[in-house]
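These are my notebook entries on a structure that I looked through feature by feature.

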Amino acid sequence: MRVVRSVFGVLLALLGLIIGAAGAVAAFWLVGPDDTVYSGEQHLTSKGLAIASSPTMLDRHGPTLHVKVRSTARTPVFAGVARNFDAESYLKGIAYTELVKVEYPIALSTQDVKGERGPLAAPDSLDWWVAKTTGTGTQELSWPIADGPYSVVIMSADGKTAPDVQADLGIEIPNAFLASLLVFVIGLVLLALGIFMILFRGRRTSTPDPVFAAPGGYGPPQYGPPHYGPPHYGPPHYGPQQPGPQGPGPQGPGPQPPHQQSPAGPLRRGVAVTAMFALVSGCSAIPEPNTVETLTRPAVSNEAAAAAIKHYNEVNNTANRKRDDKLIATVEGGNLLRQSQAGYTISRTLDKSGKKLTKPYTYNKPVIGAPSFGSYPMRFLSSAEISGTKEYKHLGVWERKTAGSPWLLTFAAGPKSTVKLPDLTDVRMATKSDDAKLVAAPQAAAAALAEYLTAGAKSPRAVSFAPSTEVTAFLKNIAAEKAEALDEPRYFRTATVTVGVSEPPAAFVTKSGTALIFVNLTKDFLATAQPNSWLRWVSGPVVAFSPSTVRHDNALTKKSLVDAALLIPPKGGGKIQLVSLESQLVDAGGY
């Protein structure tokens, strides 16, 4: 049994040595008192404009991520954490280096992603980073890793030069140092227990030597002094002891081995206790695997939206004063940009001296409605006061096409201040399932409006809309345009105006269930010439696009872009309400 105990002791000591060494390495080399495991400082470079981790690299959540980075060229460096769809949109089509694996604490594995050379928008100017840091020298970032696909992005602060940095990534696991110390202590205990089992010798239990009866004697046994002579080896007696004339002899027990406790019981209990401590200490430090596969977020924060509107106010007034097509394109997009640029063209033609420029104005006290998105493009709504007027207010749609592009105002309506708009908080983008809940689907409402404006007040579509002074004024304008041409029958044979939907409407659903939609329409005017006649535009804004010296043999044309904002109530909530209708001439000519 001593051999068995020694073997168990050696195995237990060896196990304790391994566990203790692992705990010591983890506690004093890998982790340290700050509970953080670092990759070690690595030299990272990229042929592109960024170094970004793959979303699968951060596949667990709970611990805190630490990033330390500095530029080897001593230039400003940027490090940030982003949702994967933001980072992917920002870097789409751009060459960069992808960080695919962190081998703690040995190296960072990377691979190159091909693409263009940029440049990118300065990363610090973008509002969607979850965490970020920028500057010269060593920059440090700490972020509690959230559930879902996220990416770490390292790049030059200007977004134009390739990064060349020294980076050190760390994972802070709560109580990792204490857990490592506990493993170390458990290892020492097992080692000591194993050594004890190897060196300890159990005390042997003593038993009296048996005394055998003299040959042929049947009397009681004699216990005399020990016999030191040569032992007598007689034949063993296998039969039952026969009683003699003096009475039965004693049935004394034969010699028994000393009793020893088996080491299996304490060893099993020791291993069980060790395993329990290891599980409690170790599992508490293991991060949970991610369960969220797709992330979403509000398109913009109130602070970022207010900053975008403030920037628009400044740039828009400067562009209006200079009638600068390129400058206005930095803050407007879509049909609104085309309308503004057409207005500048008309102003430069009819007001060369610039005495009738648009007066400066600003959008103040904005209220923001920001739907949630998980991809680009993104949109948000704004409602605000307009400086210099109390009769009208601003209602706009802002769009960001990619994560690296600016917010652009793509639709600007000016409803009267008396129009009651729904609450924009918790607004969301309309989906196909909303069509059945509204009195009309957004696309159907836009088409009905176009038919209504084309056919006039007698259109069968008119009954779908609540009475509107804006529609009345618009229809009168169309009638006047056609009448002006037909009043010259010697030159004009026909005159028609057609209104159509230029693109699907932007539709939002408010928490009241009412849909707020923004419709881009085109209004096309066509006046055909009589046989053997020619036509030309003579005066007015149209000559900015077709000078009066230009003759057209067959017809005159002009195009206007029309913006309409509609409120579509839920079923049973009444008719469609038109809250704004504005038109801007953008082209004229003929053929």
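**Entry 1: a ring pair.** I looked up Phe-411 and Phe-518 and found that both are buried. I note here that the model is predicted. I then searched the whole structure for aromatic pairs, and the search gave 15. A pair of aromatic rings is described by the distance of the centres and the angle of the planes.

**Entry 2: other rings.** I next noted a cluster linked by ring pairs, made up of Tyr-312, Tyr-361, Tyr-363, Phe-380, Trp-398 and Trp-407. I also looked for charges placed over rings. Arg-551 has its charged end over the ring of Trp-534, 4.1 Å from the ring's centre. Lys-558 lies over the face of Phe-525, and its distance from the ring centre is 5.2 Å.

**Entry 3: a strand with two faces.** In a regular strand the side chains alternate between the two faces of the sheet. I checked strand E10 (residues 139-144) with this in mind. Which residues of E10 form the covered face, and which the uncovered one? Gln-139, Leu-141 and Trp-143 make up the covered face, while Glu-140, Ser-142 and Pro-144 make up the uncovered one. Strand E5 (residues 64-71) runs antiparallel to E10, and 6 bridges join the two. I found His-66 opposite Ser-142 of E10.

**Entry 4: Gln-166.** I located Gln-166 in strand E12 (residues 164-172). Is Gln-166 buried or exposed? Its relative accessibility is 15%, under the 20% cut-off, so Gln-166 counts as buried. Its side chain makes a polar contact of 3.4 Å with the side chain of Glu-41. Setting aside residues up to four places away in sequence, I listed what Gln-166 touches: Glu-41, Gln-42, His-43, Lys-68, Val-69, Arg-70 and Thr-72.

**Entry 5: Leu-449.** I found Leu-449 in helix H8 (residues 442-455). Leu-449 counts as buried because its relative accessibility is 0%. Leu-449 and Ala-564 stand 115 residues apart in sequence, and their C-alpha atoms are 9.0 Å apart in space.

**Entry 6: Asp-434.** Where does Asp-434 lie? I placed Asp-434 in the loop between strand E20 (428-429) and H8. With a relative accessible area of 4%, Asp-434 is buried. Not counting residues up to four places away in sequence, Asp-434 touches Arg-428, Met-429 and Val-509.

**Entry 7: the whole chain.** I finished with the totals. The protein chain has 9 helices and 25 strands. It has 591 residues, of which 42% count as buried. Among contacts with a separation of 6 or more, 74% are between residues 24 or more positions apart. The accessible surface comes to about 32500 Å², and carbon and sulfur atoms account for 58% of that.

How values were computed. Residues numbered from 1 in each chain as written. Predicted model: local features only at pLDDT ≥ 70, side-chain atom pairs only at ≥ 80, totals over all residues. Heavy atoms only, no water. Helix = DSSP H or I, 4+ residues; strand = E, 2+ residues; numbered from the N terminus. Buried < 20%, exposed > 50% of the residue type's maximum accessible area, 1.4 Å probe, protein only. Contact = heavy atoms within 4.5 Å. Areas by Shrake-Rupley, 256 points an atom, 1.4 Å probe, with all protein chains shown as cover. Phe/Tyr/Trp six-rings, centres within 6.5 Å; stacked < 30°, edge-to-face > 60°. Lys NZ or Arg CZ within 6 Å of the ring centre and 35° of its normal. Pairing = 2+ DSSP bridges. Polar contact = N/O pair within 3.5 Å; in protein donor to acceptor, adjacent residues only side chain to side chain.
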